[in-house]
Amino acid sequence: MSFITGKKVLVTGCCGTVGKELVKLLLDPARGQVEALVGIDNHESSLFHLEQAHLDAHHATFFLTDVRDPQAVLQVMEDIDVVFHTAALKHVIMCERSPMEAVQTNIEGVQNIINAAHESKVERVIFTSSDKAVNPTNVMGTSKLMGERLITAANSRSRGDRPVFASTRFGNVLGSSGSVVPIFHEQIRQGGPVTLTHPEMTRFIMSLQQAVELVLRSAEIARGGEVFITKMPVVRIIDIARAMIDALAPRYGHDPASIEIKEIGVKPGEKLYEELMTDEECRRSVELEDYFSVLPAFRGVYRRINYDYEGLVADQVERTYRSSESEPMGQQAILDFMNASGLLEGSHVEGKPDQRYWPGDKEEARHHARSDSRG
């Protein structure tokens with residue numbers, strides 16, 4: 001955190017999972033002291049509660065602001081040094097049903113951040129992307145990929161050594177909104193069954209703390225235009241389910257052996273494995289101790305940038321970064337990971353917490369109902 005001590009920092013989407021944790025860390029005096037923190041979000045109630053949680057942080061200010069509003073973004077970015085852009089629409093089915101909303105927030109919102117950063121002459125901007133930006137199958141992933149491309153291209157307008165624009169690409173943040181962990185937890189609490197799409201499905205995982213560390217570390221080492229990817233362990237989703245059943249079933253008075261794991265099938269657009277780097281990206285990536293850095297494809301149009309990272313492990317990545325090509329964690333390692341991250345403590349999920357939500361389920365049910373009524 002030393003590089004950010006004494007800086008004025010803006011966090012967009014400060015009420016989201018990553019944004020809220022980032023604010024918490026930046027306001028932790030034990031980690032270093034930012035001179036000022038500005039947080040913006042478009043969710044009024046969540047913003048109110050976040051400010052209540054940080055009443056003692058007199059150098060922190062929170063504003064009800066939407067990244068879609070270019071003038072409002074420009075106003076809050078005045079005199080800012082570092083921007084962490086976490087605001088986004090992230091739920092796949094919501095973006096699929098309302099694609100222009102995703103465009104306005106995830107693409108036009110990114111461009112508003114870029115324009116304001118140039119106008120305000122900030123030092124650096126870090127954009128938080130998603131694994132779904134790799135070979136995207138949906139609107140949300142495609143919009144996040146375009147956000148990455150805009151951030152990289154923004155370096156072509158930079159003059160001197162600022163602003164520096166870079167992206168981070170996450171795997172699955174366990175316990176975040178939409179994660180299987182709280183759903184499995186509630187299903188186990190009720191005695192099962194635990195619903196699983198496919199026994200061979202694998203994913204990269206990271207804790208919320210690791211995600212925030214990636215964002216902060218990326219801001220420190222970014223040269224301009226890169227996409228940083230944390231090296232992460234791989235899990236089979238069925239092993240998460242088994243580990244959680246063994247750990248949680250006795251807590252709720254159930255015999256682990258009585259909790260059924262029910263396979264419900266892979267849904268349209270869902271991948272059996274996760275990708276965090278494409279074949280083409282491998283050819284222009286370098287390996288660091290804890291990260292991969294995907295360098296810009298068209299470096300000739302940007303200012304001359306020397307990617308002279310400390311601790312370079314390899315100046316070329318030999319294979320794609322896919323979860324299907326790595327040895328998955330064992331159940332005990334998964335439990336250790338989840339306990340260390342506090343992921344087995346809570347189970348609250350809004351709505352129907354024991355049910356998996358899939359794109360198209362409601363539409364399919366309505367279709368069958370109409371067909372049955374017609375005889």
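Predicted model: local features only at pLDDT ≥ 70, side-chain atom pairs only at ≥ 80, totals over all residues.
Reader: How many helices and strands does the chain have?
Author: The chain has 12 helices and 15 strands. Both are DSSP runs numbered from the N terminus: helices are H or I with at least four residues, and strands are E with at least two.

Reader: How compact is the chain?
Author: Its radius of gyration is 21 Å, close to the 21 Å that the globule rule gives for 375 residues, so the chain is as compact as a globular protein of that length. The radius is taken over C-alpha atoms, and the rule is 2.2 Å times the number of residues to the power 0.38. The C-alpha trace spans about 65 × 50 × 50 Å along its principal axes.

Reader: What share of the residues is buried?
Author: Of the 375 residues, 50% count as buried. Buried means under 20% relative accessible area, exposed over 50%, and partly exposed in between, with a 1.4 Å probe and protein chains only.

Reader: Moving on to α1, is that helix covered or exposed?
Author: Helix α1 (residues 17–26) is mostly covered, since seven of its 10 residues are buried. Among them are Val18, Leu22 and Val23.

Reader: What covers them?
Author: The cover includes the strands β1 (8–12), β2 (36–41), β3 (60–64), β4 (82–85) and β6 (164–170), together with helix α8 (208–221).

Reader: And what does Val23 touch?
Author: Leaving aside neighbours within four places in sequence, Val23 is in contact with Val11, Cys14, Leu37, His54 and Phe62, where contact means heavy atoms within 4.5 Å. Val23 has 0% relative accessibility and counts as buried.

Reader: Which strands make up the sheet with β9?
Author: Three strands form an open sheet in the order β7-β9-β11, with mixed pairing. The edge strands, β7 (172–173) and β11 (234–236), each pair on one side only. Two strands pair if DSSP finds at least two bridges between them.

Reader: In which sense do β9 and β11 pair?
Author: β9 and β11 pair in the antiparallel sense, over three bridges. Thr202 has Arg236 in β11 as its bridge partner. Helix α9 (residues 237–248) packs on the sheet, touching β9 and β11, and its direction makes about 75° with that of β11. Axes here are lines fitted to C-alpha atoms, for helices over the stretch in contact, and angles run from 0 to 180 degrees between N-to-C directions.

Reader: How many aromatic pairs are there?
Author: The count comes to four aromatic pairs. One of them joins Phe204 and Tyr321, a tilted pair at 4.4 Å centre to centre with 40° between the planes. Rings of Phe, Tyr and Trp (its six-membered ring) pair if their centres lie within 6.5 Å; planes under 30 degrees apart count as stacked, over 60 as edge-to-face and the rest as tilted.

Reader: Which parts does that pair tie together?
Author: Phe204 lies in strand β9 (residues 202–206) and Tyr321 in the loop between β15 (312–314) and α11 (331–340), so the pair ties together parts that are 117 residues apart in sequence. Phe204 is buried at 0%, and Tyr321 counts as buried at 10%.

How values were computed
Residues numbered from 1 in each chain as written. Heavy atoms only, no water.
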